[in-house]
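Please look over the sequence and the structure shown below, then read on by topic.

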Amino acid sequence: MILPTDNKKLTQYKQDKRDIFMATMITEDCINCGACEPECPNQAIMEGNEKYVINPNLCTECVGFYGYEMCQDVCPVVCCIPNQLLRESEETLYERAVKLHGDDSLPPKEELSPETSRFRNPDWENEISDFAEPAEDYTEYWED
Ligand code: SF4
Ligand code: SF4
């Protein structure tokens, strides 16, 4: 994927792609093993037509549950990776987790730790590629 170098065009590009891009994505390297699906605390992963897909409305990068992205941790080919086009803040991801699970199921925001937020995990590391993109257009799999 070749990204626009002009800032204005890049911003527009991100807006145009917002519906199919998410903070964590599954790339075309997916071998459809299914290992990630049951491990996601938000049930954000499902089998797509070609590869497994992540619902961006449900993914929290595991904030509130783990100090790393569990899907990447279990993936044998490391194809659940951060999307460089859409980085979301811990606050945004935490608020999504609260919306999905309620306050009672999560630690308070001020008590997020290296074990429950990758933003606070000094050992967090993840594969990053400026060129990777989702394996397919995910929009057909969910309404909102
Ligand atoms: Fe699910 Fe976490 Fe992977 Fe997002 S990063 S899809 S919340 S396992
Ligand atoms: Fe695909 Fe990795 Fe999930 Fe297996 S664990 S289905 S290879 S994304």
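Just after helix α3, Gly 102 adopts a positive phi of about 85°; helices (H or I, at least four residues) and strands (E, at least two) are DSSP runs, numbered from the N terminus. This is a predicted model, in which local features need pLDDT of at least 70, side-chain atom pairs count only at pLDDT 80 or more, and totals for chains, interfaces and linings use all residues. Residues are numbered from 1 along each chain as its sequence is written, while chains are lettered from A and ligands numbered from 1 in the order in which they are written.

**Overall architecture**

- The protein contains 3 helices and 4 strands, and along the sequence they follow the pattern α-β-β-β-α-β-α.
- Of the 144 residues in the protein, 31% are buried; a residue is buried if 20 or more other C-beta atoms lie within 10 Å of its own, exposed if 12 or fewer, and partly exposed in between, with C-beta atoms placed from the backbone.
- Among contacts between residues at least 6 apart in sequence, 74% join residues at least 24 apart; two residues are in contact if their C-beta atoms, placed from the backbone, lie within 7 Å.

**Helix α3**

- Helix α3 covers residues 90–101.
- At 1.5 Å a residue, its 12 residues should span 16 Å, and the end C-alpha atoms are 16 Å apart, which agrees; the expected span is 1.5 Å times one less than the number of residues.
- The buried residues of α3 are Leu 93, Tyr 94, Arg 96 and Ala 97.
- These residues cover an arc of only 160° around the axis, so they lie on the same side of α3; the arc is that of the directions from the helix axis to the C-beta atoms.
- The face turned away from that buried side carries the exposed residues Glu 91 and Lys 99.
- Glu 95, also found in α3, counts as partly exposed because it has 14 C-beta neighbours inside 10 Å.
- The C-alpha atoms of Glu 95 and Val 63 are 9.5 Å apart in space, although the two residues are 32 apart in sequence.
- His 101 and Gly 64, 37 residues apart in sequence, have C-alpha atoms 9.8 Å apart.

**After helix α3**

- Pro 122 is found in the segment after α3 and is exposed, because it has 7 other C-beta atoms within 10 Å.
- A distance of 9.4 Å separates the C-alpha atoms of Pro 122 and Gly 67, which are 55 residues apart along the chain.

**Nonpolar cores**

- A nonpolar core is a set of buried Ala, Val, Leu, Ile, Met, Phe, Trp, Tyr and Cys residues joined through C-beta atoms within 7 Å.
- The largest such core has 18 residues, and those with the most contacts inside it are Ile 26, Cys 36, Ile 45, Ile 54 and Cys 80.
- Two or more residues of this core come from each of β1 (24–26), β3 (52–54) and β4 (80–82), and β3 gives the most, with 3 residues.
- Apart from this core lies another, of 7 residues, among them Leu 93, Tyr 94, Leu 106 and Leu 112.
- Leaving aside residues up to four places away in sequence, Cys 36 touches Ile 45, Tyr 52, Cys 71, Val 74, Cys 75 and Cys 80.

**Ligand surroundings**

- Around ligand 1 there are 15 residues, the closest being Cys 40, Cys 59, Cys 62, Glu 69 and Cys 71; a residue is near a molecule if its C-beta atom, placed from the backbone, lies within 6 Å of it.
- The shell around ligand 1 has 10 nonpolar, 3 polar and 2 charged residues; Ala, Val, Leu, Ile, Met, Phe, Trp, Tyr, Cys and Pro count as nonpolar, Asp, Glu, Lys and Arg as charged, and the others, Gly among them, as polar.
- Ligand 2 is likewise surrounded by 15 residues, the closest being Cys 30, Cys 33, Ala 35, Cys 36 and Cys 75.
- The shell around ligand 2 has 13 nonpolar, 2 polar and no charged residues.

**The loop between β1 and β2**

- Asn 32 lies in the loop between β1 and β2 (45–47), and its phi is near 55°, a positive value in a residue other than glycine.
- Asn 32 counts as exposed because it has 11 C-beta neighbours inside 10 Å.
- Gln 43 lies in the loop between β1 and β2 and has a positive phi of about 50° although it is not a glycine.
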